[in-house]
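Dear colleague,

I am handing over a structure that is new to you. Please find the sequence and the coordinates below, followed by a short account of the findings.

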Amino acid sequence: MEAFDVLGDPVRRRILELLAGGERSAGDVVEVIAAEFGLTQPAVSRQLRILRESGFASVRAEGTRRLYALDDGGLRDVEAWLGGLRSEWERRLDALETELARGRRARRITNRQESS
């Protein structure tokens, strides 16, 4: 599953928000998501599996509990993709800044000539 497909789902985004606050047990995640979205335990478990398999979450066993944590692997993929776009945005914003500076300079010159 593509990173943006994963992030496109509001339930998965909410789970990531929960995990960003620190490690959470599967039961804690189920409790919050069930209350907010009305999902069953199997449905939440499926979302946790998708997050785990796509590199956004990790899980470790502690006795009978499963503890989930944010995994930055999926987020690194998103950041890398955005980085390519960011360089293009920065180039265009730099060009805009140059044009705005030229316009301000031209107005100052015009104002000086009119004042003379």
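Which residues does L51 touch, not counting residues up to four places away in sequence? L51 touches V6, R12, I15, L16, F56 and A57, where contact means heavy atoms within 4.5 Å.

Please note that this is a predicted model, in which local features need pLDDT of at least 70, side-chain atom pairs count only at pLDDT 80 or more, and totals for chains, interfaces and linings use all residues. Residues are numbered from 1 along each chain as its sequence is written, and side-chain values use heavy atoms, with hydrogens and water left out.

The protein chain has five helices and three strands, in the order α-α-β-α-α-β-β-α along the sequence. These are DSSP runs, numbered from the N terminus (helices: H or I, at least four residues; strands: E, at least two).

L51 also belongs to the residues with the most contacts inside the largest nonpolar core, together with I15, V29, I33 and F56. This core has 20 residues; such a core is a set of buried Ala, Val, Leu, Ile, Met, Phe, Trp, Tyr and Cys residues joined through side-chain atoms within 4.5 Å. Two or more residues each come from α1 (3–7), α2 (10–20), α3 (26–37) and α4 (41–53), and α2 gives the largest share, five residues.

Of the 116 residues of the protein chain, 25% count as buried, meaning under 20% relative accessible area with a 1.4 Å probe, protein chains only. The C-alpha atoms fill a box of roughly 85 × 25 × 20 Å along the principal axes.

With kind regards

Notes:
Buried means under 20% relative accessible area, exposed over 50%, partly exposed in between (1.4 Å probe, protein chains only).
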